[in-house]
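Okay, I've got a few minutes, so let me walk you through this one. Have a look at the screen first.

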Amino acid sequence: MSDPTTHAASGAGAADADLTRLTAVEMADRLAAGALTSVELTQAHLDRIERIDPTLNAFLLVDAEGALATAREVDAARAAGEQLPRLAGVPVAVKDIACTQGLTTTAGSRMLEDFVPPYDATVVARIRQARMPILGKTNMDEFAMGSSTEHSAFGPTRNPWDLDRIPGGSGGGSSAAVAAYLAPLAIGSDTGGSIRQPAAVTGTVGTKPTYGAVSRYGIIALASSLDQIGPCARTVADAALLHEVIAGHDPMDSTSVDAPVPDVVGAAGTTDLSGLRVGVVREISGSDQGFQPGVQARFDEALDALRDLGAEITEVSCPHFAYAMAAYYLILPSEASSNLARYDAMRYGRRVTPDGSPSAEQVMGASRDAGFGDEVKRRIILGTYALSSGYYDAYYGQAQKVRTLIARDFEAAFEQVDVLVSPTAPTTAFRIGDKTEDPMAMYLNDIATIPANLAGVPGMSVPSGTADEDGLPAGLQILAPAMQDQRLYAVGAALEARLRERQGGYVIEQAPEIEVRA
Amino acid sequence: MSTRTSAGPDRTVPYDDLLTRYEPVLGLEVHVELGTATKMFCGCATGFGAEPNTQTCPVCLGLPGALPVVNRTAVESAIRIGLALNCGIAEWCRFARKNYFYPDMPKNFQTSQYDEPIAVDGWLDVEVPPREGVDEEPFTYRVEIERAHMEEDTGKSTHVGGSTGRIHGASHSLVDYNRAGIPLIEIVTKPLTGAGERAPEVARAYVGALRDLLRALDVSDVKMEQGSLRCDANVSLMPTGAERFGTRTETKNVNSLRSVERAVRYEMTRHAAVLDAGESILQETRHWHEDTGITTSGRPKSDADDYRYFPEPDLVPVAPTREDVERLRATLPENPAERRRRLQEEWGYSDLEMRDVVNAGAVEVIEATVAVGASPAAARKWWMGELARRAKTAGEDGSAVGLLDLGVTPAHVAELDDLVTSGRLNDSMARQTLDGVLAGEGSPTEVADARGLELVQDDGALQAAVDEVLAENPDVVEKIRGGKVQAVGALIGQVMKKMRGQADAGRARQLILDTLGVQG
Ligand SMILES: [Zn+2]
């Protein structure tokens, strides 16, 4: 894959393909050197979005005007000799779960189809401060409930590797945009794996930082105690740069961690893992646990690579991970049922007025019925039930106890090892429509990613290669103790470099070019 | 649209009658709006009376993505209230979400506290005033406090188009979210038993004592009529001697101390009538009507109301250190009741005088006046006399204003009193001086100087005036000499007139008598 221009989509000039295939680090360097303008770079991405995205449906909204305006400002500032942040002028896509002032923010729901926030999420404000042009808002499962983007009210996003397959979810739009070179970087949110699982099935990198490391202010809440915002990128170093932009204490989010941001960018330069203790979690890997053979094979090879890099590999057991899924599907719906109560059509959002002279309660009911999709209703009902008096202790209360036990499993494991690893998702990307009728099968996609959300520890997915049986990408998940996010980047970067050596390039470069559909 | 009230008034039984058969049990829930500058979970202003929906932001409007941040001052106020109510302060407690749908609640959950309140298990001793002609002494009732917890207020709904202002029959509703998110402290008593016939008075005395306490703590403006202090009264009756409490009703919209007493009394008489008829009390919310003095049925309320409480995941636990608590304890004011007793003793006021001062809300201003040098008697004389009289009509269009709103300071009053006791002014001149102070002409001394108000201290001028008056009134002089000393009053008036008021009437009298050689 030495000549990226061979991948250029038909009917377009090679120039924008050249530019979009750079890493974010390369883009930043060329911008800083004056070899490239942000307007050129941004326009190249906008052109590619215009050509490719009608096929992919990764974006719900493209803000060409806004992105180019930022790009022009950055170019002018640079021309005037102003000192600029590292990623100034490098475009980014934002999951439609983050409020953007003046730009429609839907969370993938009909309910918020016309909702234009009057304020920016802190993450968005930081992106603006970093002077990164925002290309647009990316598709997602409705209110981030799902693992495939098939639950988006605005149609599924397609996987750039195979257009009949899902790009993961809920943040499939962000990962597909990054994988298809529609954006070098994107913002995701991860409640049970919504950054890491899409990264795994699209051959990209995604990080869920430590809970509280990135502000949730302005992020449309799914489950407050689980939600975390993080970067999506094609390389570990690119992800680190975006991580650095968005992380840090925010007084507007009470659960925000007031501590210095770990040096993730420095860590992303790691090439040697000598002395690092790596634990393989017995409960979330292995064919006997339902992991696809090709996914497991790439994982085993990655372990060899880690050994080559100087790491010591041991197996550790986290016995309570077996209950993670059950606990997660009580805690998430409980919190979601309350978080989504505000969508009542009284102050904003879709309003449906029944005939006659309906009461406020009837308007609320009709609006929620029309505005929410089936998966959202399913989880609201589940959560409402789990929190009901008489059931609270047996469900929500019990789930919280499991959560404590899982956190203890992590603590015990991190006494023995520095990081934990597992395959990110049990399978490669499945076909669109395969699991929409079977919620349990869909939920099982997140079996390896959920424990990190329950315990609040950071996790990352890096590509491990492609599975033999289908040629589709698989991911390796790295987990670290809370506030040790830099370890993810150290392990991820070293592994990425070693696999790149072995496989002759980044995994994403094996992706076939997208056939534009009419 | 028909409502339950159209079925006619509820039956009641005479109050004295019911007490022979039933024992009342009360439970009082008081909501206090804290006087913090900003709301409970956002930085919006809290001022009363602003244009609707001008004091709002994404947080208190419950916009997608907005998150709460706890107001530290509100937590400190809650702890101080808890300490003043002799409660234990939690070392660690959380907020909880109370989930229910209502248009005036932006998030459709209220961030409150549930099973982990900030303050628990306290008490407040309240003094119930003696009944006229019945009791000699006030009696003291210890109100046990179950808890005090923090929560946020809801928006305020106005129902338009109906006759009652209630939601029934209204064509539409308007919601003002300025109130949404204002910090509230809810103070809940344990069941109040054993008060018997005095129960309504105990309820009133408790709310009054609580109001005084909160005012002394300076945590709220405690204005019942503006809703910054709201009381819900739970009332039930049980047959005398029974141990199981009866079914309770919760009466809302009780907006004055007098209403607290009346509403409790009314509910007792209504409950008794229902029970006497062999029927059972419906557990429900009742609305108090100040004008008619009755309650009407609100919505049925049952223990099955399921608010699906769970710990608020967007907030971190509140964990005041013991040092924090002790620091706040050191800021507590003296208990208002104890303070009153102490001041009464120091000032030498009678019980009646002290009660009048308290009822007039003049304790603080008298204390301040005494502190700048006036005698307690003089301070009371001015504030409860001349100034109280003027306050009654000092407002626009002759309406009443508070003593503190008159524009006279304690220092003015002390200075004025000094001018009188030192003999520079007489009472009438003092009143003229006060006119000047009220008109903004300056301090009493400045006014007296500017208006040339000063008693003539020189007996020469006064003696000349006396001589003139005596010469002009030989018949009166004759009477006085004949033993009718009281006739001297007529002469004093004439002397004062000649002196244009600038003389001490007592001195004038003395000079008249001396000149005539008569013993006063
Ligand atoms: Zn606000």
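The charged end of B:Lys98 sits over the ring of B:Tyr307, 4.4 Å from its centre; for that I ask for NZ of Lys or CZ of Arg within 6 Å of the ring centre and within 35 degrees of the ring normal. Chain A has one too: A:Arg21 lies over the face of A:Tyr181, at 4.2 Å from the ring centre.

Quick housekeeping. This is a predicted model, with local features needing pLDDT of at least 70 and side-chain atom pairs counting only at pLDDT 80 or more, while totals for chains, interfaces and linings use all residues. Residues are numbered from 1 along each chain as its sequence is written, chains are lettered from A and ligands numbered from 1 in the order in which they are written, and side-chain values use heavy atoms, with hydrogens and water left out.

Now the strands. Helices (H or I, at least four residues) and strands (E, at least two) are DSSP runs, numbered from the N terminus, and two strands pair if DSSP finds at least two bridges between them. In chain B, E4-E3-E14 is the order of an open, antiparallel sheet of three strands. Its edges are E4 (109-112) and E14 (310-311) of chain B, each pairing on one side only. Strand E3 of chain B, residues 96-99, has four bridges to E4(B), and B:Ala96 is partnered there with B:Ser112.

What lies across E3, E4 and E14 of chain B? That's helix H11 of chain A, residues 324-339, at about 60° to E3(B). Contact here means heavy atoms within 4.5 Å; axes are lines fitted to C-alpha atoms, for helices over the stretch in contact, with angles from 0 to 180 degrees between N-to-C directions.

On to the aromatics: 19 pairs over all chains. Rings of Phe, Tyr and Trp (its six-membered ring) pair if their centres lie within 6.5 Å, and planes under 30 degrees apart are stacked, over 60 edge-to-face, the rest tilted. A:Phe321 and A:Phe410 make a tilted pair, 5.0 Å centre to centre with 50° between the planes. The two sit 89 residues apart, A:Phe321 in the loop between E8 (312-316) and H11 of chain A, and A:Phe410 in helix H14 (393-416) of chain A.

Buried or exposed, that A:Phe321? Buried, at 5% relative accessible area, and A:Phe410 is buried as well, at 2%. The cut-offs are under 20% for buried, over 50% for exposed and partly exposed in between, with a 1.4 Å probe and protein chains only.
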